[in-house]
Amino acid sequence: METTEPEANVTRIMLAVNESSIKGYPHASISSRGAFEWTIQKIVRSNTSGFKLLFLHVQAPHEDGFEDMDSIYAFPEDFKTMKHRDQTRGLHLLEYFVTRCHEIGVACEAWIKEGDPKEVICREAKRMQPDLLVVGSRGLGPFQRVIAGTVSEFCVKHAECPVVSIKRRPGETPQDPVDD
């Protein structure tokens with residue numbers, strides 16, 4: 001991937017984000033918000049011009065019938081021109097993170113891909129070549145990991161860039177720890 005001159009001196013951090021699985025809670029997952037906040041507080045800090053955040057959301061095939069998988073969103077206004085029916089699950093998630101970045105003053109891009117999250121995240125990390133990949137982790141126990149699987153462990157093992165996995169804080173764990 002070619003980097004433009006102004007972008008050559010910025011650190012590019014890819015964040016894999018997902019929606020909450022808690023019923024009636026159509027927002028960013030606890031793990032995704034935690035990974036974002038950790039990235040802002042511990043890495044970006046006050047050096048907002050030194051970073052570009054790359055948000056990737058992966059949807060299961062044909063989820064909600066959403067077809068706009070290759071559009072890139074970089075400004076809050078990008079979401080306002082969309083028809084209501086297109087503001088499906090993944091887009092409101094990206095809108096949240098893009099809006100937060102603009103409030104803070106951090107450059108960003110966000111996009112949706114379709115497929116198996118662990119495979120797509122690693123493929124996109126290879127394609128985009130970020131300096132760092134940040135993923136949230138639900139902190140599942142061994143039994144739950146077998147049942148629910150773990151995207152973060154797969155990314156740590158297979159991504160072609162450094163990976164930081166951010167665990168949920170104990171107080172953030174919902175009644176069912178598989179929920180996020």
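This is a predicted model: local features need pLDDT of at least 70, side-chain atom pairs count only at pLDDT 80 or more; totals for chains, interfaces and linings use all residues.
Local features need pLDDT of at least 70 and side-chain atom pairs count only at pLDDT 80 or more, while totals for chains, interfaces and linings use all residues.

**Whole chain.** Start with the cartoon view: you will find six helices and six strands, in the order β-α-β-β-α-α-β-α-β-α-α-β from the N terminus. Helices (H or I, at least four residues) and strands (E, at least two) are DSSP runs, numbered from the N terminus. Of the 180 residues, 43% are buried, that is, under 20% relative accessible area with a 1.4 Å probe, protein chains only.

**The largest core.** Next, select Leu15, Phe36, Leu53, Phe55 and Leu94, the residues with the most contacts inside the largest nonpolar core, which has 25 residues. Such a core is a set of buried Ala, Val, Leu, Ile, Met, Phe, Trp, Tyr and Cys residues joined through side-chain atoms within 4.5 Å. Now colour β1 (11-17), α1 (30-44), β2 (51-59), α3 (89-104), β4 (107-114) and β5 (132-137), each of which gives two or more residues to this core. The largest share, six residues, comes from α3.

**Around Phe36.** Zoom in on Phe36: leaving aside residues up to four places away in sequence, Phe36 touches Leu15, Leu53, Phe55, Phe97, Arg100, Cys101 and Ile104, where contact means heavy atoms within 4.5 Å.

**The second core.** Finally, select Leu54, Cys122, Met128 and Cys161, which are among the 17 residues of a second, separate core.

Key:
Residues are numbered from 1 along each chain as its sequence is written. Side-chain values use heavy atoms; hydrogens and water are left out. Buried means under 20% relative accessible area, exposed over 50%, partly exposed in between (1.4 Å probe, protein chains only).
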